[in-house]
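Here are a few notes to go with the model. Have it open while you read.

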Amino acid sequence: MSLFFIVALPFFGALLPGLMNAAGRAACAGVTFTVSLAAFIGLLTNLPSVLAGEVVMARVDWIPSLGLNFTLMLDGLGFFFALLILGIGLLIIAYARHYLSRDDNMGEFFTYLLLFQGAMVGIVLSDNVLLLLIFWELTSLSSFLLIGYWKHLPEGRQGARMALAVTGMGGLAMIGGMLILGQIAGSYDLSVILKNRDLIQADPLYVPALILILLGCFTKSAQFPFHFWLPHAMAAPTPVSAYLHSATMVKAGIFLMARMWPVLSGTPEWFTVVTTAGLATMVLGAVIALFKHDLKALLAFSTVSHLGLITMLLGTGTAFGAMAAMFHILNHATFKAALFMSAGIVDHEAHTRDIRRLGGLRRLMPVTFVIATLAALSMAGIPFLNGFLSKEMMLEEATHTVLFGVPWLVPALATFGSLFSAAYCFRLIGHVYLGPVRDDYPAKPHDPGSGLWLPPAILVVPVVAIGIAPFLAEPFVKLVTASVLGGEADVPKAYFKIWHGLVPALFLSVAAVVGGLLLMAVFNPLLRLWETTPRPEAKVIFEAIVEAAAWLSGKLIASLHNGAFTRYAAIGSVAIVAAGFHAWSTGTIALPTRTPQAAGPVPIAGWLMLVAATCGLVFLHRNRLLSLILIGIVGLMVSIGFVFFSAPDLAMTQFTVEVVTIILLLLALNFLPKRTPVESTVLRRVRDVGVAVAGGLATFALAYHYLLRDAVAPPISEFHLANSYKGGGGTNVVNVILVDFRGFDTYGEIIVLGIAALLIYALTETLLSGRVRARLLNRKPDQPQAGDMHPMMMVVLTRVIMPVVLMVGFYIFLRGHNEPGGGFIAGLIVSIAVVMQYMASGFAWASARLKYPYHGVIGAGVLIAGLTGIGSWFVSKPFLTSDFTYVRIPPFQEFELATAALFDLGVFLAVVGAVMLSLESFSRLARRENMPESEHPMDIDPSRDDPPPDEAGSAREAV
Amino acid sequence: MITASGLMDIAIVFAFVALALGQILCMVRVVLGPTTGDRILALDTMVINALGLVVVLGIHQGVQIYFEVSLLIAMLGFVSTVALARFILRGDIIE
């Protein structure tokens, strides 16, 4: 099967469990299992070529200009990991089917699990480091969802957040490292990078790249000092812990170290950093694990310890170390997943994971006992089980490793770690399964159905088989090792066998096991000692760091971004004026090339009124209604000015926007005090006046200078004028710019407009469903109300004028491409026509006659505009390429059809929807308790039979 | 002897001056008040005067498209007046 399918199957399959949720739990798990099985079989079909030593490749160019290609590669190492991911994944899915209770949403769980599986397979098969990074981040995200699957548990949410923060941070660092590596090698393809060992190791940026990549690996694989997130991630359901936190995800970091082994390893930096981190993690994890009372916490820390062991082996940089690491990955995945699953069984049956409350389960749960004991003994390093073999190889490698010039350091620490490792394994067996049967378990434990114990049992088979017959695993491990080494070193000749003779590693192994037994004998005093020793609590430190970072960001934001618009405007104006002044005083200014036109009395009158209205606005702005009237005058004069300067388009737009603005502001003013209170000090107001005067004068000076001179460079308007009809098929250049030349901008703008309207809606809805609702409903009008609510004159007038306005809007829309007009103006005109009906007959009456919700209108507009743009893809043109043609349908004259008109329709709908939605949201806020909801368009209607509700009406007004 | 076009020019200038004067007087009313109602009425009159200005401007410059601007002003100019009037009468403009 093509590699693409193996990666894509889990992703596409992730859609299925959610859909199958209604069909029942068995169907849901069944479909997940089938998807995984298909990918697994697909992987196996590639086995012959992998065994033959070939590298299977699949390649599709994605964004070649960035060096990002969808390139997949399957070699021994990738096959090994993919086998673990998909194979153990199958067992986990079967196990989870029986583990999750009926209260858990199984579809959600399996969707996340398949997403994770796909991302993980993607990591191990990627041949492009950028692609690998994408999958890397995807595993962080999907594991976040899986850890936090039990959303009702605070531990789950906190653990998920911690895991995401730590692994996400590492991922960020790794992006940097990978980019450096790609720059050095000149390609982001792994197969190229892996061949450039000398070039990369000689580069001065090698050390930064190494540190950054290792940060990513160490955070993901829970290496010291980033080990603390893994135990907290154990709040996840046990199948997740078994899958992500023992067998697969935490091995991603190790996978990457192995993958990068040929280019990164072998240098002193690599050796020191990786070996030290691994050794520290191994010892620390083992010691902490011994004293954990939670069964899963014990296993979590033991996982940390074993990951450290593997890291240390990779750090040695020798071929034998790499082989031992690969062998231990295999062994650890089998016994640890089995142990997690058995811990899950104990939790599931006894309803507790606290070791102090367990014991004697051997008689009550014999099957689980056998599984857990075999796996735990393997972890302890007991002969005839697979853990013994790789642990002995580790000790063998340790005796040859010299760190910091001290020959005994590594062997001693490795043995010390193994000793504790053996001890916690014995504790697991002894304190959970052996001992007397108790009678105070939270629930009566018994062996579960085969659905729960069969998956771990299957995993125990290779534990025993490899342990007894090591030669079974040898060819495969050597194949994997060969692809790790990548030709940089020869695969070691050493055979896998139980008895190597009386070698030092054997003595160390025996010492570890015996020491472990001795530790168990003195466990109780040791525990008391441990509990009295003070030690740092990782979670507290992490929370403190997060708190401190949040506090610091808050401080930074509060000082830079305090929400006062006056401050931003002042800083902006002063900066712009200063920059402009600098340019003016240092640059050269050409002589004026134009002469000012003489001004007639009428323009001067208009100008005087504009000035008067603006000055009045400045002095009267505290009276809000008055300032609205003055703004109306300013708008009117500006519109006339546009006409005077031959820009009827702008005049129409300005005028309609003016009307809509007044309505919107009046709706808002209903909730505001009628006067603006004095809030700022005199000093501050003086400062603001200074800034405003400087900004205004500077703008005037710039405009005056510019109007008297020609532009330095030819403006783009020449191009627009020349190409408007030729390229865009329209003679109205303004409209062609909007829908064609700058169509993409317009598309973005209508989306922004729609979002803004939806936000207004969301905010008012939140107000109406919150605590403010009661206050809004019981609000009393702040002034005496006069007259009718819905006067007959207004109703009749707006009804008569509505079709006229709609027709004008339609006309202006259609004509827009060639003459002034277009979708934007038409949208505003139509909105005003509809708002008139709201004002005349009231909110309730108009809403009852509303057929399409305004959200839908906005969406339809954006969709139509977008689809018009996409349409040009079908003729192999870039997004939003427009086309036009002429048609003639008798009896009409020949007319033009342009795709731009369809785009304009989208603009039109988005504008109508956005304007109406914001107006409607505001007026929704004004609904009050006991408002008469009339079905009639007007209050007094002589044509109605029923008498006008005079008494009731006056009683209403008195409220 | 005054020609037809000459008479037209005089008429246009007269109309311009009259409308501009009207606008300024409306402005005076906006400033003096005394009630908000007076000011709103003044604004409404200014819209009508502006309509006249656009029409005369169209005749003067001989541009047809200006009449559509005046059409829009005539059709929708009253809406803001009505909204302002509703606001001072009822507080809530959409009830």
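1. A convention to begin with: two residues are in contact if their C-beta atoms, placed from the backbone, lie within 7 Å. Helices (H or I, at least four residues) are DSSP runs, numbered from the N terminus. Residues count from 1 along each chain as its sequence is written, and chains are lettered from A in the order written. The model is predicted, so local features need pLDDT of at least 70 and side-chain atom pairs count only at 80 or more, while totals for chains, interfaces and linings use all residues.

2. With that in hand, look at H5 (residues 76-99) of chain A: Leu84(A), Ile88(A), Tyr95(A) and Tyr99(A) meet Ala333(A), Ala337(A), Met341(A), Gly344(A) and His348(A) of H18(A). By class, this contact has 7 nonpolar, 2 polar and no charged residues (Ala, Val, Leu, Ile, Met, Phe, Trp, Tyr, Cys and Pro are nonpolar; Asp, Glu, Lys and Arg charged; the others, Gly among them, polar).

3. Then the core. A nonpolar core is a set of buried Ala, Val, Leu, Ile, Met, Phe, Trp, Tyr and Cys residues joined through C-beta atoms within 7 Å; buried takes 20 or more other C-beta atoms within 10 Å of a residue's own. The largest core has 201 residues, and Leu125(A), Met326(A) and Leu339(A) are among those touching the most other members. H18 (residues 319-350) of chain A gives the largest share, 20 residues.

4. Beyond its neighbours within four places in sequence, Met326(A) contacts Val477(A), Val480(A), Thr481(A) and Val484(A).

5. A second, separate core of 104 residues includes Ala826(A), Trp845(A), Tyr66(B) and Leu84(B).

Methods: A residue is buried if 20 or more other C-beta atoms lie within 10 Å of its own, exposed if 12 or fewer, and partly exposed in between; C-beta atoms are placed from the backbone. Helices (H or I, at least four residues) and strands (E, at least two) are DSSP runs, numbered from the N terminus.
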